[in-house]
2 protein chains.
Amino acid sequence: MNIELVSIGTELLLGQIVDTNAAWLSARLAEIGVGVYRRSTVGDNLERIVSALRESLERADGVIAIGGLGPTDDDLTREAIAAVLGEPLVLDSAEAARIQAFFAARGREATDRQLRQAMRPPSAQPLSNPNGTAPGIYAEWRGKLIVALPGPPNEFQPMASQQVLPRLAARTGGRVIRSRVLRLCGIGESDAEAQLQDLAQSENPTLAPLAKLGEVHFRITARAENPADADAMISAMEQEVRTRLGAYIFGVDETTLEQAVVQQLTEAGQSLAIAESCTGGLLGHRITNVSGSSAVFLGGVVSYSNALKEALLGVPRAVLEAHGAVSEPTARAMAAGVRERLGSWWGVGITGIAGPEGGTAEKPVGLVYIGVCDPTATVVRRQVFAGDRETVKYRATQYALWLLYQGVMRGGCASLSQP
Amino acid sequence: MNIELVSIGTELLLGQIVDTNAAWLSARLAEIGVGVYRRSTVGDNLERIVSALRESLERADGVIAIGGLGPTDDDLTREAIAAVLGEPLVLDSAEAARIQAFFAARGREATDRQLRQAMRPPSAQPLSNPNGTAPGIYAEWRGKLIVALPGPPNEFQPMASQQVLPRLAARTGGRVIRSRVLRLCGIGESDAEAQLQDLAQSENPTLAPLAKLGEVHFRITARAENPADADAMISAMEQEVRTRLGAYIFGVDETTLEQAVVQQLTEAGQSLAIAESCTGGLLGHRITNVSGSSAVFLGGVVSYSNALKEALLGVPRAVLEAHGAVSEPTARAMAAGVRERLGSWWGVGITGIAGPEGGTAEKPVGLVYIGVCDPTATVVRRQVFAGDRETVKYRATQYALWLLYQGVMRGGCASLSQP
């Protein structure tokens with residue numbers, strides 16, 4: 001079974017609000033095995049709403065309209081569905097009474113505008129709205145489904161979950177879709193895909209890449225008669241991916257790289273201190289976004305000026321003068337200095353040129369040195385990151401987290417051989 | 001002129017990501033007077049992409065495709081546009097060279113997959129991508145426009161702003177829509193709206209509120225025959241808003257609060273050092289997102305542990321023991337300590353409980369003390385912020401930036417009277 005979504009509202013087409021409803025419903029439909037091959041967005045215009053609904057009904061087994069059910073004149077979804085069904089709109093007295101009660105409970109009287117919301121085509125059923133005044137619409141037309149739900153997420157989501165998805169799941173005959181995301185770092189999307197080309201051909205479960213800034217995600221999605229079978233199919237595919245690319249996988253589903261690092265440090269019982277220059281505090285911000293990070297993260301120094309690199313981290317002036325603030329020896333001294341002065345097990349030092357200004361032929365914008373050290377060794381990596389200022393900062397912290405993750409995983413900094 | 005948008009990507013139809021690009025571009029198109037009456041979303045399926053593009057070209061003066069230009073096998077937008085144009089795909093040697101240089105700069109060789117991104121229909125022009133490898137596509141077909149841009153927002157937005165919107169604006173001529181956003185801090189949306197109620201009735205220019213985390217924005221939009229007239233209408237409305245709420249306006253259009261703070265400090269020739277506890281580096285990150293911030297931002301200390309508050313900032317142990325790490329005296333000592341030790345004009349200290357753990361009846365989650373000092377005075381404010389861990393961290397930095405902005409604007413910390 002496949003369904004199309006039609007989001008209705010001029011405010012969407014003007015970009016005044018982002019359509020989170022469509023994404024949310026798409027994810028829920030995928031979970032119950034309903035395919036969505038097309039989504040459309042139209043404004044508050046009767047003719048355009050009607051054509052969008054008709055086109056969707058030609059292509060798919062049904063359409064779910066989101067929004068346009070409110071009390072105002074530009075809420076036209078009811079009229080559009082009536083036109084598609086070729087029926088008039090009649091007042092649903094039960095819903096009208098509910099709307100009157102809703103306002104009475106607030107010491108007000110329901111206006112005619114408000115009561116418009118109780119209108120529906122005779123062949124359609126109302127869907128009750130526990131969090132608002134506008135009921136939804138559930139209709140069938142030539143064996144296809146026409147559903148309409150109000151746009152406010154706090155009304156839309158419960159109505160979809162409790163009244164629409166169960167009906168659709170029943171129609172799909174219990175077939176479920178489940179998926180798991182494997183998160184990789186340290187390898188590019190195309191390189192990773194090249195090693196999984198054969199698996200990517202699989203039709204069930206499917207393997208789909210998703211490139212994120214500084215990460216690659218692979219989503220394994222399995223269709224089966226029941227959750228257990230789907231999970232088994234996913235696990236088999238995951239195993240195969242892990243045998244090939246396991247070294248790059250740091251997490252599953254929602255696990256962030258900073259969460260993985262904090263977890264590794266916690267298990268190893270090792271503390272961390274960081275010295276940031278070009279990243280300006282972003283690394284500390286990301287680490288402290290992890291609840292419980294205070295158990296391993298002592299703190300850090302943002303040594304934006306050379307004077308502070310000297311004063312707070314003990315980077316020798318000679319090093320700064322001989323090699324410059326953005327150099328391998330400075331990154332090395334920053335990592336060692338912050339580790340020694342803050343008394344942590346691990347130390348990280350980042351220095352670079354985030355841009356857009358400050359680049360030279362020899363030291364271009366995006367050049368970053370990342371140093372990591374523990375009691376046994378210090379490793380420094382040189383990278384040139386593409387992108388604007390914020391992107392370079394993010395990539396630098398991503399690289400540092402990945403280096404640190406590998407170091408802790410492999411039992412020590414000495415395991416991180418220089419490239 | 002009206003344009004349709006086609007967002008391409010199975011991850012969109014599976015609800016794995018929310019389509020913020022389409023909303024962003026819709027808003028920008030509205031500003032230059034280009035109508036958008038339909039948006040569509042299709043998956044990584046050649047046939048469906050082609051039909052979506054063809055349908056849009058039947059209805060509108062042009063179509064902008066977003067996504068599907070990457071190096072992988074399921075990136076099919078190039079092929080779809082070639083099919084619509086009835087042309088083959090040929091290698092753009094200049095773009096191919098650029099991609100090779102991109103990888104060479106990183107000590108790697110561009111794979112064939114990567115070079116696929118340099119393919120284009122002969123009649124189309126490439127749109128250069130300063131932040132990534134995939135160029136965009138700009139083509140004309142039977143007097144209509146076909147544009148394709150890569151999906152990653154950090155690549156998509158600059159390419160749209162700098163290469164696509166100017167071309168479209170030139171074509172629309174005549175009637176234009178222009179807008180200006182006024183950014184406010186330190187006042188709630190409803191309080192601000194209450195003081196602008198009459199202006200909100202205006203139909204041209206319009207005044208629309210937009211609540212952001214820790215800020216309120218008002219967008220003034222004017223329709224006119226030419227840009228000059230539109231700008232004059234906007235300026236008149238802006239003047240009226242400023243007479244009523246000028247004290248809360250820190251910036252216009254894209255100006256962020258951190259940019260406003262850095263600009264004020266630069267003009268005043270005053271330096272800044274910060275001490276962060278619960279915000280973990282976010283304040284430094286935000287300040288260093290501003291290009292040129294190094295002129296005034298010396299650096300900071302992330303003193304996540306009490307030991308570091310003592311060692312790096314000289315917060316007296318007696319203070320920590322008597323009042324605790326999250327207290328007015330600690331915030332005061334952090335601000336003064338970082339200012340003294342780093343030798344800056346301004347000092348900021350932030351200590352609080354970001355949660356979700358660590359709250360008590362006396363010191364709940366969200367409790368944050370923010371201290372600001374200069375050579376003349378120190379001010380500490382107590383706030384309890386609602387929201388999850390990241391929201392509390394953000395609100396705390398927002399409050400600190402606003403306090404600092406007011407202090408610099410008014411000529412000194414002493415001007416910030418205790419509430």
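Student: Which domains does the domain assignment of chain A give?
Tutor: This is a predicted model: local features need pLDDT of at least 70, side-chain atom pairs count only at pLDDT 80 or more, and totals for chains, interfaces and linings use all residues. Residues are numbered from 1 along each chain as its sequence is written. Domain bounds come from an automatic or database domain assignment. For chain A it gives domain 1 (2–172), domain 2 (176–252) and domain 3 (257–416).

Student: How many Å separate the centres of domain 1 of chain A and domain 3 of chain A?
Tutor: The centres are taken over C-alpha atoms. The separation is 52 Å.

Student: What is the bridge partner of Leu272(B) in E15(B)?
Tutor: Strand E13 (residues 272–276) of chain B and strand E15 (residues 346–352) of chain B run parallel, joined by 5 bridges. In E15(B), Leu272(B) has as its bridge partner Trp346(B).

Student: Why is H3(B) oblique to H4(B)?
Tutor: Axes are lines fitted to C-alpha atoms, for helices over the stretch in contact, and angles run from 0 to 180 degrees between N-to-C directions. Helix H3 (residues 46–59) and helix H4 (residues 77–85), both of chain B, pack with axes 9 Å apart at about 50°. Under 35 degrees counts as roughly parallel, over 145 as roughly antiparallel, 65 to 115 as roughly perpendicular and the rest as oblique. The angle therefore makes H3(B) and H4(B) oblique.

Student: How many nonpolar residues are in the contact of H3(B) with H4(B)?
Tutor: Contact means heavy atoms within 4.5 Å. Leu53(B) and Leu57(B) are among the H3(B) residues, and Ile81(B) and Val84(B) are among those of H4(B). Ala, Val, Leu, Ile, Met, Phe, Trp, Tyr, Cys and Pro count as nonpolar, Asp, Glu, Lys and Arg as charged, and the others, Gly among them, as polar. The contact has 2 charged residues, no polar ones, and 9 nonpolar.

Student: At what angle do the axes of H13(A) and H15(A) cross?
Tutor: Helix H13 is residues 306–313 and helix H15 is residues 328–342, both of chain A. Their axes come within 9 Å and cross at roughly 40°.

Terms used:
Chains are lettered from A and ligands numbered from 1 in the order in which they are written. Side-chain values use heavy atoms; hydrogens and water are left out. Helices (H or I, at least four residues) and strands (E, at least two) are DSSP runs, numbered from the N terminus. Two strands pair if DSSP finds at least two bridges between them.
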